[in-house]
Amino acid sequence: KKKKKKKKGEKKKKIMNQEDEMSLLNYLWNLILSLYNYIRSFIVATPNDDHPSNDDASSTSSNTPTTPSSSTTLPNRLTTKELSKRIKDAGFDFPSFFDGPFKEAVKTAAETSQLLLIYFHDTDDAPFLKNIISNPVFTSFVSSNFMFYPLVYRTKEGKKFARIFKVEEASTLVLVHPDSSMKLHVEKKMNSRHSIDFIMTTLLITFETFERISELSQDGGMTPHMSEMQEQDRAFNEAMERDRQLEEQKKKEEEAKVKAEAKAKAEEDAKMKQLDSLQKERDDLRLRLPSLLTSDQTALVKFRFPNGTTLSQSFPVSSNVELMYQFIHVLSDQHCWHPQPSSTMDDYELSTIFPRQLLDKPMNIGDAQLNNQTISVVESLKSE
C-alpha cells in the first residue's frame, strides 16, 4: 500500500510538473524570436542581381554568385532536381529535400515525428526563390528541422495536392504534421505575400511548439499532434470573425443613423420652408385685408372659436364667404384665438350654428343672409 501511495504521489507530481512546463511556452516563444534576430544579425546580406560595371569587373571575384532575379527564365514544369541544381550552380543554397513519392515522404515524416514543409513552385518563382528559398537562414533552418518536399504546381500531382490543401497559387509553403495514422494536419500556410521575417518567425514558433509537445507526449501527458494549436487558431479565427461581424453591424448602424438624421433634417428643412411660405402669405394678406373689409353695406357676424372665445367683425355683403376664411387665416396671437402656423385656408370649416349650414368659400355673404349670425369656426388639428 505504501508503494502504491508513493507511486500515485509521484504520478500526480509529474502531471503538475508537465503543467508548469506548458506555462513556460510563451516565454520560450519570446526567447526563440530573440535568438532568431540575434542569428540574423550575423548573416551577410544576399548580393543583388545588378551586373557590375566594367570598372569594377576586374575587382569582382569570378566566384561571386548572382542572385536569382525576376528576369531568370526557367523551362516549363521545371523538376525539383533541375530547380535545385540551377540554384546551387548559381552559388546559392537550396534546402535539402526528400527525393521520392509524396506518400513515402509522409510515411517517413510520421515515423521520424517531423513536420513536413511542402513547397509549391512554378516557372515564375524567381522572386520567391530570391527572397525566401535561397535565403541562408531559411535554407539552414529548414534543412535541419523539417522534411522539405517541393512540388511542381502545374503537374498533375501538384494540382491534386493544391486542391487538397486549398492552395490557389505557386510560391506557397504549406506546413503539415502527419500523425501516426498518416493523417495530415495543416498547421500553417505562407506565400509570396509574406516577408522572410514573418515566415521564419512562423516556422520557429511552430517547430518549437511541436518539439515541446512531442517531448511531453513521450512522458504520456499529451499526444504528439498539434490539435492544441489548431484549437487556439480556431478560437482566434472565431473571435476575429465575431469582431468583424460586430464592426460590420456597428458600421451599418452608423450608416442607418446618418441616413435617418439626414432624412429628418431634410424633412425639417422642408417644414421650415413651408412655414416660411405660409407666414409670408399671411403677412401679404394681412396688409391687403383692411381695404377688402371696407364697404358701405356690411353684415355683422360673430365668430365662435374652438377655445370658446368669440369675436365680431363686419364684412361687405357683396363679398364672398372666402373673405371670412381669409380673416380667420390672418388672426395672430394678439387676438383671442389664432390658427396654427402650419394651417392653410383649406384647414378651416365655417358653419352657422342654428340652423347649421356649412359655408363654402364661393357663397355670397348677402345671399347667405349672415347678418347678425353666429358662425362656428373649426380647425383641422395638425401635429406640430
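Which residues form a negative surface patch? In this predicted model, that patch is made up of D243, E247, E253, E254 and E255. D243 has its place in helix 10, which runs over residues 227–293. With a relative accessible area of 46%, D243 is partly exposed.

There's a positive counterpart too: K103, K156, K159, K160 and R163 form a positive surface patch. Helix 8 (residues 156–164) is the top contributor here, giving four residues to the positive patch. K156 is found in helix 8, and K156 counts as exposed because its relative accessibility is 76%, over the 50% cut-off.

Now for charges that pair up. The model has eight salt bridges, among them these:

| Salt bridge | N to O distance | Relative accessibility |
|---|---|---|
| D269–K265 | 3.2 Å | D269 42%, K265 51% |
| D284–K280 | 3.5 Å | D284 37%, K280 55% |
| E349–R356 | 3.3 Å | E349 32%, R356 58% |

Salt bridges with shared partners also tie R244, E248 and K252 into one network.

Back to helix 10: D269 and K265 both lie there, four residues apart, or about one turn of the helix. D284 and K280 are both in helix 10 as well, again four residues apart and about one turn. For the remaining pair in the table, E349 counts as partly exposed, whereas R356 is exposed.

Technical notes: Residues numbered from 1 in each chain as written. Predicted model: local features only at pLDDT ≥ 70, side-chain atom pairs only at ≥ 80, totals over all residues. Heavy atoms only, no water. Patch = residues over 30% accessible without salt bridge, like charges linked within 9 Å, V, L, I, M, F, W, Y side chains within 5 Å. Areas by Shrake-Rupley, 256 points an atom, 1.4 Å probe, with all protein chains shown as cover. Salt bridge = Lys/Arg side-chain N within 4 Å of Asp/Glu carboxyl O. Lys, Arg positive; Asp, Glu negative; His and termini not counted. Charge placed at Lys NZ, Arg CZ, Asp CG, Glu CD. Helix = DSSP H or I, 4+ residues; strand = E, 2+ residues; numbered from the N terminus. Buried < 20%, exposed > 50% of the residue type's maximum accessible area, 1.4 Å probe, protein only.
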